[in-house]
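Subject: Model handover

Hello,

Here is the model for you to look through. My notes follow below it.

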Amino acid sequence: MNLYTSPALGPSDASVERIDVQPVHSPGKPLYEKRKKIFPKRAEGRFRRFKWLVMLITLGIYYLTPWIRWDRGPFAPDQAVLVDLASRRFYFFFIEIWPQEFFYVAGLLVMAGFGLFLVTSAVGRAWCGYTCPQTVWVDLFLVVERFFEGDRNARIKLDAAPWSLDKLWKRVAKHATWLAIAVATGGAWIFYFADAPSLAFDFVTGQAALVAYSTVAILTATTYVLGGLLREQVCIYMCPWPRIQAAMLDESSLVVTYNDWRGEPRSRHAKKAAAAGQPVGDCVDCNACVAVCPMGIDIREGQQMACITCALCIDACDGVMDKIGKPRGLIAYATLDEYDANMALATSGGTTAIDPAGVRNPDGSFIDKVRHFDWRVIFRLRTLIYFGVWSAVGLGLVFSLLSRDRLEVNVLHDRNPQFVLESDGSIRNGYTIRLLNMIPEPRTIMVSMEGLPEATMKIAGVADVPGRLFAVQVEPDKTLALKVFVTLPKDAVSSEAVDFHFVAEDRPSHEKDSYSAVFNTPGARK
Amino acid sequence: MAEKHIDELSGIETTGHEWDGIRELNNPLPRWWLWTFYACILWSVAYAIAYPSIPLLTDATKGLLGYSSRAELAADLDGAKIAQGGILEKISSSSLEEIVADPQLNQFATAGGAAAFRVNCTPCHGTGGAGGQGYPNLNDNDWLWGGDVNALYQTIAHGIRDPADSETRISEMPAFTDILKPDEVRQVAAYVVSLTGTPRDPAMVEPGKQLFADNCVSCHGEKAEGNRDLGGPSLADAIWLKARGEAEIAKQIQSPKHGVMPAWGARLGDVAVKQLAVYIHSLGGGE
């Protein structure tokens with residue numbers, strides 16, 4: 001892939017308007033300063049289009065997922081994704097997770113972590129720039145702002161204008177729409193925790209639980225405040241990720257880069273300067289990259305913490321380069337390695353000021369030595385290790401999911417007394433057995449003993465007659481605790497504690513689980 | 001007040017506080033902090049008006065909302081009572097057999113009985129009801145006065161040898177010191193031990209058997225199987241409440257010890273005793 005291709009290479013006389021804009025966030029700026037408002041200009045280009053697509057997909061997933069239905073039969077909810085806190089069940093399409101299987105969620109979090117390492121080491125802060133909720137919602141809120149107040153210049157003008165009816169309605173409409181989006185955002189969240197259609201009805205008619213209203217209220221407030229009012233300050237001052245990120249980038253990570261080896265010396269009057277024989281770079285100092293930046297930075301000041309790599313400056317710059325007939329990619333995704341190599345060419349190994357002639361042929365095209373992004377650097381040891389761990393955890397989870405039990409038995413020996421001497425000299429032990437029927441269908445579970453051949457058992461409420469095999473009805477998707485008494489006749493009692501197993505079996509499905517137990521006697525206890 | 005001092009680097013006035021040559025800048029408080037502070041003051045005023053707050057000599061101001069933590073506790077307790085009220089009434093009006101047969105009542109009564117047991121019964125019977133020497137094990141199937149729920153209820157409600165309860169279960173084994181000679185006591189003891197399958201000298205057992213038939217069968221039964229109407233323990237089973245071994249048995253014959261269990265009916269009430277009976281019945285030895 002060559003990021004420096006241009007559709008229309010050729011001289012152009014189109015003059016580029018210079019935008020009057022100062023970066024709001026700059027590496028050298030004082031630490032204590034009142035916030036300066038940012039009025040990002042609308043960008044157009046391939047990255048902007050990609051961001052629209054990502055926004056559509058991520059918001060679509062967030063808002064619509066709770067409304068997807070998934071038939072699980074009459075004994076389980078039909079919502080595809082549901083966190084049922086009251087019954088302690090998590091449903092995800094064909095997967096149902098019980099609380100003790102929460103490690104699947106932990107595994108997903110581990111995968112998310114390594115996925116983030118992988119993505120970051122390969123393509124830099126792609127999470128920040130494209131998919132972070134803060135970025136997506138700020139983007140959405142900016143669409144609303146632009147709709148009511150116009151693009152950058154109109155907004156600056158409106159902001160400076162004294163209060164008038166026109167300004168009032170624009171501001172009210174903007175904030176009202178923001179609040180509506182915020183309510184919808186908070187509202188969508190609660191639908192993940194209850195049956196969406198019935199909760200929506202209850203919510204609107206005032207019958208929903210207080211926790212539903214307070215959750216929506218809190219998330220409405222955070223969405224409105226973080227997305228509408230605080231915006232870039234969240235990324236710069238509140239979020240730890242930009243700080244952690246620096247540890248994950250390396251020389252081969254793609255980051256949004258201003259290629260000053262071809263841009264400098266920048267000049268607003270390139271033709272005059274060129275005519276005067278001065279070296280002239282590609283940057284016409286139009287400030288388009290600064291004007292579109294939602295973070296209010298100037299990417300030409302180099303990599304900086306405030307840059308979320310949304311790539312809108314690339315779009316803005318590419319537009320300008322197209323206009324003046326220069327190749328695209330003055331601002332581009334580039335690795336530090338290729339940037340350093342090209343910089344060395346332009347500065348004769350760092351000994352001189354940047355000279356555009358160092359990287360160009362006399363006809364203006366780049367010399368062959370200029371390094372371009374090579375997709376193969378993505379496949380380096382580091383990313384392969386991340387990918388390896390990521391996929392190993394993923395495969396482990398899938399394997400564990402496919403081979404997990406849906407029928408379990410747990411046994412707890414009575415602690416006090418450890419055994420009971422009956423009047424005929426036989427010894428009795430008490431156990432609490434818990435059967436877990438983890439499918440949404442009622443089942444008849446056969447409970448039996450393996451080992452301890454002379455013993456018989458009684459199950460309170462199931463059978464008063466001693467035996468060794470009992471059928472127990474277990475409700476769908478429920479557990480059932482049974483009080484079981486196992487009696488060993490006097491002649492069979494040894495002085496040793498005996499190990500045996502309780503076995504639970506679902507005969508139709510051949511599902512079987514057993515649990516080791518101990519029979520204690522007066523001679524020995526375990 | 002000291003003279004105003006302006007920090008040279010920042011151009012900001014200092015507070016006049018100095019430590020090791022370091023001065024504190026008198027920066028204004030952050031606005032968000034200040035507004036939060038003011039909001040807290042307003043909140044505290046409103047709170048003091050709405051809730052009980054200002055202490056008076058014997059009482060405190062009631063507050064506009066009329067809130068009281070005692071009233072809240074009372075309401076919570078009432079709520080808890082209402083939540084279980086139906087079941088307690090059902091237990092009160094149902095027979096013990098009905099309670100055992102109904103899964104919901106059974107579960108509730110077992111849990112309630114377990115709680116009452118831990119508070120009232122564990123000092124003698126142990127936390128698991130396993131008892132000890134002289135204190136019956138409630139888990140096994142050996143019952144002095146009967147092990148079905150109704151018999152258990154009767155025992156718990158009226159106690160054993162409780163002088164304060166007219167319906168209490170009473171039985172007393174006489175001391176045989178004056179009736180049997182020491183040799184004869186040893187013979188009876190040897191016979192009793194032989195009943196549980198331990199071989200003993202026939203020269204002792206045979207006269208012991210005759211003595212047992214003459215003196216003991218009225219309470220302990222012809223085969224020493226016990227008599228629940230009189231609370232006479234079975235001497236032919238594996239379980240020994242008071243004595244274990246020949247010497248101890250002989251001692252018990254000469255000067256018997258008798259346990260006392262207080263009557264709980266008047267103290268805990270009918271519903272609690274019913275629940276206790278159901279709980280003990282569930283321990284595994286219930287009949």
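First, a definition: helices (H or I, at least four residues) and strands (E, at least two) are DSSP runs, numbered from the N terminus. Read that way, chain B runs β-β-α-α-α-α-α-α-α-α-α-α-α-α along its sequence. That comes to 12 helices and two strands.

Two housekeeping points. This is a predicted model: local features need pLDDT of at least 70, side-chain atom pairs count only at pLDDT 80 or more, and totals for chains, interfaces and linings use all residues. Residues are numbered from 1 along each chain as its sequence is written, and chains are lettered from A and ligands numbered from 1 in the order in which they are written.

Overall form of chain B. Its radius of gyration (taken over C-alpha atoms) is 36 Å, well over the 19 Å from the globule rule (2.2 Å times the number of residues to the power 0.38) for 287 residues, so chain B is more spread out than a compact globule. The C-alpha trace spans about 115 × 55 × 40 Å along its principal axes.

Domains. The bounds come from an automatic or database domain assignment. Chain B has domain 1 (1-67), domain 2 (72-168 + 261-281) and domain 3 (182-254). The C-alpha centres of domains 2 and 3 of chain B are 33 Å apart. Eight residues of domain 2 of chain B contact eight of domain 3 of chain B (contact: C-beta atoms, placed from the backbone, within 7 Å). On the domain 2 side, four are nonpolar, two polar and two charged. Here Ala, Val, Leu, Ile, Met, Phe, Trp, Tyr, Cys and Pro count as nonpolar, Asp, Glu, Lys and Arg as charged, and the others, Gly among them, as polar.

Chain A is assigned domain 1 (255-373) and domain 2 (407-519). Their C-alpha centres lie 77 Å apart.

One helix pair in chain B. The axes of α6 (residues 149-158) and α12 (residues 270-281) of chain B come within 9 Å and cross at roughly 130°. Axes are lines fitted to C-alpha atoms, for helices over the stretch in contact, and angles run from 0 to 180 degrees between N-to-C directions. Which residues of α6(B) meet α12(B)? They are B:V149, B:L152, B:Y153, B:I156 and B:A157. Their partners in α12(B) include B:V273, B:L276 and B:I280. This contact divides into 10 nonpolar residues, one polar and one charged.

Between the chains. The contact takes 14 residues from chain B and 12 from chain A. The chain B side has three nonpolar, eight polar and three charged residues.

Best wishes

Key. Contact = placed C-beta atoms within 7 Å.
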